Each structure stands twice: as structure tokens, then as C-alpha cells.
Amino acid sequence: MRRIALLGVAIALVGVSCAPDELDTYSAPDADAPPATRAPLPTTTTTEPPVEGIDEPAAPEPAPTMTFAPNGETVDVRSLDNSFIQQDIEIEAGTEVNWINGGRNDHNVLPVDESLAWGIDRDTFVPGAEYSHVFDTPGVYPYYCSIHGTTEVGMIGAIIVTEPG
Amino acid sequence: MSVNSKVLALAATGALVVAACGGSSGSDRAEVPVQSGEIPEATEAPEPEPTTAETDPPATEVADTAAPATEPEEIDEGGADGVLNVPDEYPSIQAAVDAAVPGDLVLIAPGVYNEAVNVVTDEIVIRGLEREGVVLDGEFELDNGIRVLGATGVAVENLTTQNYTDNGVFFTGATGYRASYVTAYRIGDYGIYAFDSVNGQIEHSYGAGSPDAGFYIGQCYPCNAVVDNVISEHNGLGYSGTNAGGNLIIANSTFNNNRAGIVPNSGSYELCYPQRQNLIVGNTVYSNNQPDTPAIDVALLAMGNGVVVAGGIGNTVERNLIYDHDKTGIALVPFLEEGANDDLPSEDEWTTECAEQRLEPLADEIPEQLLWEAFDNVIRDNDISDSRAVDIGVEGVGAPTGELRNCFSGNTAATSAPAELEVIAACGAEAAAADDPAWTTSPLNVLQWLVDAETAPPSVDYETAELPPIPDLDDMPDAATAPAEPATDMPRALDVEAIATPTR
């Protein structure tokens, strides 16, 4: 298992385009930022297929979706009471993220972009449970636990998926 | 691993475990109430025109529509005077909270409010006009009565929360917080819960019927917080405080008829370990053997104890009245954590503040278990009686008991484990050598607790557990007229030296 370096708590994104080749435009970590408050992230840079039945707003011609096959790498995120550790991680597309509920309380993992189909609810993500998802498309995927935070504050995290390279 | 399997794993390893264990924004007052948060659909009613109660029925269900004592005569704009009245001016608590600006008072008339209120605005005060009459009721569907997310200086006063699936009042990431004259009754996790929050005060409050703890402070060091004059009964744990300490005082309170009374502990399932430096003083702790409460697994393990320091460091327990416990009045014991998330901090890391420790990466290799020993605690001048095992006990599992540097002096106690505890480990004196046989005379035998937990009366569903009725509790003085006091200068000063040991 390869551990991916912590990006830090604050990620200032320069570009908000969906184009995968612009996803490496993040600043360095800002250790002084409040640890449980989300710094500005793009509203969406994800190009994963939306959940069936969800209407997408009209948008300009989308950039071509670029997906990558699973690469066999797994990165763990510990869901403690009440923090995701590490809060923000950077991975290459094709990497699996494995959330481990290492806390004593129920948690959930919900993408901020509700049109995305990954995540796990509290009934399943009980203490000791694990949940994995392969991120095959470059983008920024903020998420949160709705029990112990909101999309912006409290128990929050982000997966920053870059092109393999 | 499920909770049950964790318990089984604990039993299999034969070691001790005792532990406990969203929103809107708006810095400027909206011209009209803004709906947000997890509010029942009724709160999405059309925005109210500021008017009288008679012509503007509250969107939130209000069973008791008694008019507030300070009914405004004329209102041009809700909250223009810094007081936002619910439901007269705002149909829901959430609407008023969203419209409030720092310094405002959200004043709630008697009634039942089926809301889960999220607070993200700094320095507002949320107050009920009547503690018993203003009821936030989650109806076993909503998660938190009031959840304060990252906002500084928020105070919650003089109201009741009941029937929530998670917490009655929940502060998280707050710098400056206060809960005063708050009742939390029949709650799914914690009654009043301050997590990752500092500079706080919880006072004159009541918690009953939570499977975890009636009162809980977690993940802070230094916490700079005071729990003062609270009553906690019929919970899994009266007070629980994982990894919380540093100028954290629990005083003048009553913890009775829980499974276990006061239980600070260390664990890597929250950040900022180990647990450190609580002052537990002047409390009355009795009959914490209650068999019919809701209870998490660790409450079952800790059952029958008054004060249990489980893997905590540098705590002081003094001048408490403690009696009627099936096991111990006060116990210093290790905490075996299954399913660890990090390795143990070294002793030179025990002074690391939370703000720094939380930024450190987890260990590359994480052991399956951690054994947190209780070091450097001071137990003195307590009045302890009627304990069926021993009044005071200490035991190490991973380290010899005599190497843990805990001390005991001036306690009124009939029994202890080891037997001559105040002789071999008196405060201010050199302790007996770790290999002195006196350390193993009449040992606590804490591993037996694991066996006992297997046969402990099981948890009772918090929704149906038999609870005493809410007692007659003090209201906040002058709730209708007292000015808003945001929690900007917490905790209040407490004259610790003036606190005497309670008497029966």
C-alpha cells in the first residue's frame, strides 16, 4: 500500500475547469487554516457519471471525460470521531480510497456533489466498517459526514484526483 | 469490525477497556428569514411578515402557544432590537438563527419545536423563555437539537431538548461556547456534547437517558472549559471525556444512577490523545450501577464505578462525595483500545497541544491494539464509601502498578487496592519501589471487569428506556429580560479552593 502525502487543510484551486489537465493547479498546504473548515474548492470538477434520474443543468460543451483503469493502489482514510484523517489527500486516477470507521460512533461519507454515486450512509458505516471507491476520473471530490458536519465545516474531507503521471 | 465483535475481541484478549465514548451561513441579518438546515418541511412555509402572533401562526409545530412574556408591541423588522422572537417574528428557531447577527438574542416562546437547528453565526444567544416549556423534540428522527458548527461564542440557554437520534446540544469546532439551564432527555448519543471546542462552560444543566454520556467533552487540549452544577443520571456514562483536558474542571455536579459516573479516557479514535489534566472536584457521585439504562459497550464495561480514569494522565480527583457502587468509588485503570488508529504517543509528547498534534500524520504501521495506562493522577481528600469491591483502586496491566506514579492521600475510604495504597503511594512522598510486594497485595483484578461485562444487563433502547421524569429544575433567572451574553469570555472563573466536599 502506498501512502499519499497529505496536502494540508487548505487547497486553493486556481482553475475550476473540468478539464483534467488543469487539476494540478493547487497551492501548497496552509497549516494555519482552521482544520475543520473547508477552504475554497471548485464547485465541481468531477466528470464521473451522474446518478441516474438527476437532471444536470445546461452546460457548455463538456471537455472529454478521461478515465483511468484501477491501478491496484489503495489509500486509507480513517474516519475518526469526528475527523477524516487525512482530511485531504491527493491520489492518481485509478486509485482506490478506503474509508475505515475507526471511531466509536456512526459516520457517513457523502460527496458534496449530490449527483455523484459514491458514498456510504450511517446505517452501514458503523464503527469498524470499511468502504472503498476507485476514483477513475481526475477531479476534486469534496465530501463530508452529515452527522458531524456540513459540506463546509466540521467533519469534512476532499479527494484530489490527478492524472497518472 | 462491529461493536459486538469488538467486545468479543476485548474479551478474547483478556484486557481492560473502559471508554466512552451541519448548516447555513450568514453574517448579516437577512431582511427576511432564510430557511436552512434540517428543518421539518413545515418550516419552509412562506416567509412571514413581521406581525402579531395572532395573524402569523408559526410554521413550526408549537403545541403550547402561550405567548412569550416579552411579546413585542410593535415590530417593524424582526430582530431590529437585537431580539429575534420565535415564533412571533420568525416561524422557526432555525429561521431566527439564520437571520441573527453577532450579539443577537434568539428568544423562543414556550412550545414544542420539531427542529434540528444548525448554527454557524458567531456570538449569538439562543434562549428559551421557559426551560421546561420550550421543548425541541426530534421525535426520534432528527439528529441534533442544536448543532453549533465552527461558530464562536454561541450560547444556548433555558430550554429542553429531547428525543434526538444523536445529541441534544452539540458544539463542534467552537472557540467559546456555553450551555446554561439546558435539559437533554432521551438522546441517542450524548446529551450535551462539546467536541473539538475550547473555552467553554456547561452549567446548570441536566442530562438523562443517553446510551453514551449525559455530558461529553472530547478532543481538546487545553480545553479551558468548566462543567459546573449539572445533573447527569440514567445514562450509560454520567460524564465522558475522551482526549479532553487541560484546564478542564468538572465541579459541583451530581452523577447518579448511570452505569458509570465520571469516565475520562484516552483513545486514538479521536485526535489529541492522550486524555490529560482534568480537575474533578466537589461532585456527588453515587449509585452508578443502574441496570436498565441505554448503554454503549464501554458503559457496560465500566458499570458499577463512580469515577474511572481509563488511561488518563495527570488528572486530579479531590473533595468528591462518592458512595454506593458495585465495584469501586474511584479507579485508575488502563484502557485497551481495539482497532487502533495510531500508535501510542511517547511520554515527551504528552504536553503537545491539540492544535499541533492534530496536524501530525498517523503512524505508518498502526498496531491492532493500544494499551493506555493511567499515569500521574492525584486522588486526594475524597469521601468514598459503600463500594462492594474497593473504595479506591489502581492497577496497571501493561506496566507494573508501582511505575505509574499515581498518588493517593487524605481520602476517607475503608478499602483500597492495593491494600495499603495511601502508604505506598502517598502524594508528596516517595512511592514504594515498583517491585515492592505491597503493590500486589489485594489487587484490583481489573481484568475481571471484562468477564463481568459479558453478563451485565444489556443496553436498553434509548427510545423506550424507563427514565425518571425530568425533575423540577431551575429556570434561568430573568430569561425574558436578561441581555444576551454571548460566550465570549468562557469559562467563568471558578474558585476551586472554596469548593468543599459535599455531604449526604
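Analyst: In this predicted model, A:S79 has A:N101 of β4(A) standing opposite it. The two strands concerned are β1 (residues 74-79) and β4 (residues 95-101) of chain A, which run parallel and are joined by 6 bridges. Strands here are DSSP runs of E with at least two residues, helices are runs of H or I with at least four, and both are numbered from the N terminus. Two strands count as paired if DSSP finds at least two bridges between them. Strands of a sheet pair through backbone hydrogen bonds, in either a parallel or an antiparallel sense.

Residue numbers start from 1 along each chain as its sequence is written, while chains are lettered from A and ligands numbered from 1 in the order in which they are written. Because the model is predicted, local features need pLDDT of at least 70 and side-chain atom pairs count only at pLDDT 80 or more, whereas totals for chains, interfaces and linings use all residues.

The sheet around this pair in chain A is open and has 4 strands, in the order β2-β1-β4-β6, with mixed pairing. Its edge strands, β2 (84-85) and β6 (130-135) of chain A, each pair on one side only.

Chain B also holds an open sheet, made of 11 strands with parallel pairing, and the order is β4-β7-β9-β11-β14-β17-β20-β23-β26-β31-β33. At the edges are β4 and β33 (416-417) of chain B, each pairing on one side only. Within this sheet, β11 (residues 190-195) of chain B and β14(B) are linked by 5 bridges in the parallel sense. B:A194 has B:I217 as its bridge partner in β14(B). Chain B as a whole has 6 helices and 33 strands. Of its 504 residues, 62% count as buried; buried means 20 or more other C-beta atoms within 10 Å of the residue's own, exposed means 12 or fewer, and partly exposed lies in between, with C-beta atoms placed from the backbone.

Several loops of chain B have backbone features to note. The loop between β14 (213-218) and β15 (225-228) contains B:P222, and the peptide bond from B:Y221 to B:P222 is cis, with omega near -5°. Another cis bond leads from B:Y273 to B:P274, with omega near 0°; B:P274 sits in the loop between β20 (260-265) and β21 (278-281) of chain B.

Positive phi values occur in two further loops. B:E123, not a glycine, has a phi of about 55° and belongs to the loop between β4 (117-119) and β5 (125-128) of chain B. This residue is buried, with 20 other C-beta atoms within 10 Å. B:D376, also a residue other than glycine, has phi near 60°. It is placed in the loop between β28 (369-372) and β29 (378-380) of chain B, where it counts as partly exposed with 18 C-beta neighbours inside 10 Å.

B:W439 is buried, having 24 other C-beta atoms within 10 Å. Apart from neighbours within four places in sequence, B:W439 is in contact with B:P400, B:T401, B:G402, B:P418, B:I424, B:A432 and B:A434; contact requires C-beta atoms, placed from the backbone, within 7 Å of each other. From B:W439 to B:G246 the C-alpha to C-alpha distance is 30 Å, with 193 residues separating them in sequence.

Definitions and conventions
Contact = placed C-beta atoms within 7 Å.
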